[in-house]
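Thanks for coming. I have one structure to show today, and I will keep to the overall geometry of its chains.

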Amino acid sequence: MTLLYSEVEEELRAAVRDLLADRYPPATVLARAESGSPYDAALWKSLARDIGAAGLLIPERYGGAGASAREAAVVLEELGRAVTPVPFLTSSVMATRALLAARSDAAEELLTSLASGDATAALAVSFATSPYRVPAGPVQAGPGGLSGRVTAVVGAETADVLLVPAGRELYAVAAADVLVEPVVSLDLTRPIATVTLDGVPATPLSADLTALRAALELGAGLLASEQLGVAEWCLSTTVAYVKERHQFARPIGSFQALKHRLADLWTQIVQARAAARNAADALAAAMRREAGADGTGTDGAGTDGAGTDGAGTDGAGTDGRGADDAATAVAVAQAWCGTVAVRAAEECVQMHGGLGMTWEHPVHLYLKRAKADEIALGTPGDHRDALAVLADVPAPSGP
Amino acid sequence: MTVDEAGLAERARAFLAGHAPEVLSPAEFLGARFDAGLSWVHFPEGLGGLGLPREWQSVVDREFTGTPQQDYGKLAIGLGMAAPTILAFGTDEQKKRFLRPLWTGEEIWCQLFSEPGAGSDLATLATRAVRDGDEWVVDGQKVWTSGAHHARWAILVARTDPDVPKHQGLTYFVCDMRAPGVDVRPLRQITGEAEFNEVFLTGVRLPDTLRLGAVGEGWRVAQTTLMNERVAIGGSPVRRGGGMMGAVLETWRARPEVRTHALHQRLLGLWVEAEVTRLAGARLREQLAAGAPGPEGSGMKLAFARLNQELSGLDVEMRREEGLAYDDWTFRRSESVDFFGRGPGYRYLRAKGNSIEGGTSEILRTIIAERVLGLPAEPRADKNVPWKDLPR
């Protein structure tokens with residue numbers, strides 16, 4: 001394993017960053033958010049097709065790139081850095097992971113359509129769902145199809161297909177058959193919606209919710225990389241501002257009261273980067289093992305690294321990528337990065353003074369994204385609670 | 001010589017086959033390891049290394065797991081600070097003379113940097129070194145000198161020119177701790193014991209051959225030492241759930257009666273912080289293996305100090321009645337520096353030093369702000385003023 005970025009990952013990052021700098025500066029993001037329809041179909045096409053982001057996690061035999069969670073994480077860092085409203089996390093990461101884990105013909109067919117970026121899919125579950133408590137969904141399967149109402153769904157407005165848990169099974173339904181109602185959202189660049197199904201025809205994808213749990217875990221683990229990108233933008237924007245802004249005939253960045261807070265934030269972001277990279281690497285190893293184990297993998301399956309990945313680099317020898325390792329790495333990354341992104345955005349607002357409170361300055365887009373991300377896929381507290389078991393730090397018994 | 005990584009591992013195994021640790025004393029074993037170039041593989045041949053890439057050290061360390069190692073608590077200053085400084089700035093004679101016994105533990109080193117009047121502002125130090133023919137005569141007082149009572153040698157920074165601004169008038173020396181005029185006095189600390197010392201230097205004569213680097217270059221040489229010190233304090237590898245966390249978890253798991261919900265929430269938060277710090281340290285070591293130590297080590301030291309203090313404080317608190325007792329206030333000189341040993345009360349008190357030694361957390365934040373983030377410096381009253389004219 002390595003916690004650094006490979007050359008291929010740096011090239012991918014550069015391609016995404018160039019595209020976003022060129023096509024989606026903060027003023028454009030804000031203008032689109034105000035329009036009530038933040039998603040930009042043309043931008044998604046460039047990202048999904050030209051850069052190939054849509055099919056990153058999809059094996060080559062379904063038309064994808066056969067890359068790993070490490071590469072997807074790098075894309076998310078850049079999308080976080082630009083708070084880009086595209087369905088990458090919802091479709092190319094989470095829905096894709098559910099379909100990969102479902103292993104049915106129907107799922108494979110859908111993967112092929114997602115790989116090109118022509119279609120997108122979304123999970124019809126609340127974005128606040130943590131991987132640890134996957135609820136029996138609010139949707140029921142009856143003779144007339146699926147019925148029910150799911151709140152706080154992300155990525156549904158643009159999705160062609162919704163992946164719906166009903167009872168203990170996972171189904172696919174056409175988005176055209178359901179009612180998607182946008183909700184006024186805290187996060188302007190990733191709004192939530194209410195999805196209502198009323199006797200909708202559905203295709204069964206999988207007979208249990210393992211696939212859903214895998215999707216939530218991958219989503220949570222890679223959301224840490226998005227949070228890292230958000231935090232990095234906030235830090236670098238703040239540092240640039242305090243160097244320029246003068247009060248008391250000095251740049252305000254020369255005051256120790258601000259310098260020390262920014263130094264602490266930098267240290268926390270250094271830790272966040274290590275945690276996010278570790279989660280991505282652990283998830284990549286877990287998915288590689290899974291693909292190798294059922295013999296369907298063609299991408300890297302021959303060199304399944306189970307048990308050998310971590311032996312080489314860290315002298316402490318504790319980074320072997322075992323079965324529980326991904327779960328721990330995800331919980332650690334989420335418990336840390338969610339908080340750091342919020343803190344970075346809050347410091348960014350504060351150190352911009354009055355300017356930070358204006359609608360015109362883009363920092364509010366980052367604050368809103370950071371705060372929503374903190375809740376998404378489990379709060380930092382949910383992930384710490386999970387570690388009580390994963391890391392054997394037992395809770396007190398009794399009340 | 002050309003060696004690849006496999007060849008290096010082979011070389012280490014061949015050495016171990018020919019040098020059974022059971023029949024050699026630890027010093028003999030370590031000496032033979034030095035002579036075979038397997039101490040620091042990136043050091044030159046003949047000086048404990050093989051001139052190989054720094055990142056290959058892990059290959060050797062893996063092969064030598066379970067063989068005699070140095071007592072790091074006693075030798076940290078020699079191994080972590082003096083050795084890289086001597087390698088970077090020493091003459092060939094100095095490298096030949098000092099590195100081998102430093103590695104084997106036969107000669108212990110200490111650090112004569114801080115003074116009563118020069119802590120965070122180290123460059124304002126007042127210990128004078130005056131040239132007298134081929135010798136220097138040193139007068140002054142140093143403080144917070146760990147292990148001076150064991151040390152054979154010290155790394156010393158002294159003022160050789162008071163008429164220039166403070167950073168320019170310093171020179172770096174190796175100080176002979178057995179020279180007449182070196183007086184080591186134990187300094188009792190809040191833990192009750194004396195791990196540190198005051199060192200009084202009165203007319204100490206050092207030959208010019210003990211100077212490290214050029215006259216007036218002392219600040220630059222000291223930066224190499226301090227950069228390595230911060231990596232040594234904050235950047236050493238720990239197991240997941242090891243270090244101070246290990247001591248707390250042991251009690252937490254074994255004694256359900258100490259557990260409360262409030263402590264549980266704090267402990268989980270600290271477990272996460274310890275883990276992200278461990279990962280950041282591992283990532284930093286990967287970067288270092290690929291390049292050189294930069295100011296990033298300062299961030300690790302900051303995090304390490306905070307964690308140790310929080311965890312050791314929680315440890316005392318969760319023990320309640322037991323936390324009201326202390327193991328031993330006897331005034332004695334400690335054998336080595338130990339952050340994690342003794343009882344929880346000792347660990348709590350000793351950890352207070354973690355945010356002071358090797359650069360206070362406040363100084364480290366300033367270093368990060370200015371050298372990593374590029375923020376403007378504070379207005380300063382001491383720039384371009386001769387040292388002798390500074391208010392003191």
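Predicted model: local features only at pLDDT ≥ 70, side-chain atom pairs only at ≥ 80, totals over all residues.

Chain A, then. DSSP assigns 11 helices and 10 strands to chain A. The radius of gyration of chain A is 21 Å, and the globule rule for 399 residues gives 21 Å, so chain A is as compact as a globular protein of that length. If you look along the principal axes, the C-alpha trace of chain A spans about 75 × 55 × 55 Å.

On burial, 56% of the 399 residues in chain A count as buried. As for contacts in chain A, take those with a separation of 6 or more: 77% of them are between residues 24 or more positions apart.

Now chain B. How many helices and strands make up the secondary structure of chain B? There are 11 helices and seven strands. Chain B has a radius of gyration of 22 Å, which agrees with the value near 21 Å for a compact globule because that is what 392 residues would give. The box filled by the C-alpha atoms of chain B, again along the principal axes, is roughly 70 × 55 × 45 Å.

Of the 392 residues in chain B, 42% are buried. The contacts of chain B with a separation of 6 or more come from residues 24 or more positions apart in 73% of cases.

To put the burial values side by side: 56% for chain A, and 42% for chain B. That is what I have on the two chains.

How values were computed. Residues numbered from 1 in each chain as written. Chains lettered and ligands numbered in written order. Helix = DSSP H or I, 4+ residues; strand = E, 2+ residues; numbered from the N terminus. Rg over C-alpha atoms; globule rule 2.2 N^0.38 Å. Buried ≥ 20, exposed ≤ 12 C-beta atoms within 10 Å, placed from the backbone. Contact = placed C-beta atoms within 7 Å.
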